[in-house]
Amino acid sequence: MSYELRVVLIKNRMTENSIIYEKSKDFAVRVVNLWKYLCNKGEQDISRQLKRSGTGIGANIIEGLYGASKKDFINKLCIAQKECNESLYWIDILHKTDFITDAEYNSIHHDGEEIARMLAKIIKTSRKNVEVENTTHNS
């Protein structure tokens, strides 16, 4: 595949998935700010885990967007989905241990769930598209 074609494909992927990229970036900023807040409250262990997984979502999405193939794109988004689910777990633990209030929990948890749903839809659609392409090429 030529370099020019790769650039066009990347730009198309970026346009189609820019909403998930922006939402994951906003989520990462919220997670980092929560981590700073929790460190000031004396909680460092769980919040460090949340910071790692919460910032990993967008990092894996951008890696997928610049991946070498559609399969690579799907694999990176699956990793992003796992990071998102892990983040939701740590947010639950922080809430159940009273490090974050109900309002803080509801807000950030809602955002994480929205990202998880979006990732699931993108992965499902991408897998179907790959299956259709494989069926078309094999016919």
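**Exercise 1.** State how many disulfides a search of the whole structure finds.

*Solution.* The search returns zero disulfides, a disulfide being a pair of cysteine sulfur atoms within 2.5 Å. The model is predicted, so local features need pLDDT of at least 70 and side-chain atom pairs pLDDT 80 or more, while totals for chains, interfaces and linings use all residues. Residues are numbered from 1 along each chain as its sequence is written, and side-chain values use heavy atoms, without hydrogens and water.

**Exercise 2.** Classify C78 and C84 as buried or exposed.

*Solution.* Buried means under 20% relative accessible area, exposed over 50%, and partly exposed in between (1.4 Å probe, protein chains only). C78 has 15% relative accessibility and therefore counts as buried. C84 has 1%, so C84 is buried too. Across the protein chain, buried residues make up 36% of the 139 residues.

**Exercise 3.** List the elements of the protein chain in order.

*Solution.* Helices (H or I, at least four residues) and strands (E, at least two) are DSSP runs, numbered from the N terminus. The chain has five helices and zero strands. The order is α-α-α-α-α.

**Exercise 4.** Describe the packing of α3 and α4.

*Solution.* Axes are lines fitted to C-alpha atoms, for helices over the stretch in contact, and angles run from 0 to 180 degrees between N-to-C directions. Helix α3 (residues 45-65) meets helix α4 (residues 70-96) at about 160 degrees, with the axes 8 Å apart. The pair is therefore roughly antiparallel, the term for angles over 145 degrees.

Methods: Angles under 35 degrees count as roughly parallel, over 145 as roughly antiparallel, 65 to 115 as roughly perpendicular and the rest as oblique.
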